[in-house]
Amino acid sequence: MQNETEDALKAINKRTGRNMPQAVATGALLVIIILACLVIKIDVFVMLIAVFMVLGLWELRVDFATAGLHIPFITLSVCSVASILLTFYAPRPLIAMGLSIMLTALLVVISATVRLTFGTRVPMAVATKLSASESAARLESSYNHDNAITSKGAFSNVGVSLFTVAYIPLLACFLILPLHMQRLNIVNACMLVFLPALSDIGGLFFGALLGKHKLSPRISPKKSYEGLIGSMLFAMIGAFVAVATTFDASLWRTRWWVPIMLGILVGIVGTFGDLCASMLKRDLGLKDMGHLLKGHGGVLDRVDSILMCAPFIAAVLILALQ
């Protein structure tokens with residue numbers, strides 16, 4: 001009986017591409033932490049977002065370093081936290097967000113042309129990352145080569161640094177904008193975080209059970225059209241529950257389209273975000289973007305769909321609740 005259970009678990013892990021017991025345990029812990037922050041105070045939830053973004057920046061710093069690319073981690077971290085806090089606390093959040101992101105981009109462009117190394121933490125993290133990757137990826141990495149900077153050049157570093165600004169602090173600020181709606185800020189926070197998570201679960205469930213038609217075999221062999229349908233369906237159900245339990249009758253009659261729109265957008269954009277992350281991993285020759293979340297491949301693997309969905313969820317919520 002025990003052998004049959006182990007064989008079944010191995011089959012599930014192989015089909016999903018994850019260590020499912022670890023993934024479930026980590027996911028449950030994250031849910032508890034997020035809900036605890038929301039119960040304590042919405043400000044604590046904002047701080048949690050800032051912490052996760054800094055952890056994601058560190059993972060991206062190491063990932064790019066395996067290919068000889070440098071992003072200014074300290075500048076990005078300080079500016080990301082400042083942008084998130086200004087977007088939340090400023091009386092005019094959109095203006096604060098725009099100005100802080102523009103200033104972040106300017107400072108990052110300047111910092112990306114300077115390569116400063118403190119200690120051995122980054123080289124050790126790069127060595128650990130490459131040791132878990134394929135041999136071809138180790139050969140491609142130029143991080144420890146003497147000509148690492150000249151082979152990539154300052155323009156390459158500036159390019160990936162600006163990509164990082166758009167990927168993390170800019171998208172993270174869209175997680176903050178719907179929190180300014182005082183009456184529904186906690187509900188909005190839950191939808192911003194949990195709808196993409198439900199979409200991932202739906203895609204995983206439908207893909208593992210029914211997935212036959214591959215969405216993009218070259219980029220992500222696990223993704224299927226059946227999984228995409230499951231992603232949209234689960235996100236739609238989650239949005240329907242959230243809206244039905246918080247919107248009053250008069251608002252619900254005129255906003256019936258919100259769950260449908262959110263389900264479709266989150267399902268499609270979340271899947272697209274996963275594919276983008278998979279494409280980035282393949283270009284860098286890496287198996288996972290990070291290692292900080294057991295069973296999920298890292299912080300970036302967990303938040304990529306949340307970040308990609310954030311502008312679309314924020315736009316729908318703002319339009320629906322104005």
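Let's start with helix α13: 18 of its 23 residues are buried, so the rest of the structure largely encloses this helix. Buried here means under 20% relative accessible area with a 1.4 Å probe, protein chains only. The model is predicted, so local features need pLDDT of at least 70 and side-chain atom pairs count only at pLDDT 80 or more, while totals for chains, interfaces and linings use all residues. Residues are numbered from 1 along each chain as its sequence is written, and side-chain values use heavy atoms, with hydrogens and water left out.

Helix α13 covers residues 299-321 and spans 31 Å from its first C-alpha to its last, close to the 33 Å expected at 1.5 Å a residue. That expectation is 1.5 Å times one less than the number of residues, and helices are DSSP runs of H or I with at least four residues, numbered from the N terminus.

Now look at its neighbour, helix α3 (residues 42-65), whose axis comes within 9 Å of that of α13 and crosses it at roughly 115°. The contact (heavy atoms within 4.5 Å) involves F52, M53, L55, G56, E59, L60 and D63 of α3, together with V299, L300, V303 and L307 of α13.

Finally, turn to F194 in helix α9 (residues 185-210). F194 touches V31, I34 and L35, leaving aside residues up to four places away in sequence. F194 and G238 are 44 residues apart in sequence, with their C-alpha atoms 8.2 Å apart in space.

Conventions: Helices (H or I, at least four residues) and strands (E, at least two) are DSSP runs, numbered from the N terminus. Buried means under 20% relative accessible area, exposed over 50%, partly exposed in between (1.4 Å probe, protein chains only). Axes are lines fitted to C-alpha atoms, for helices over the stretch in contact, and angles run from 0 to 180 degrees between N-to-C directions.
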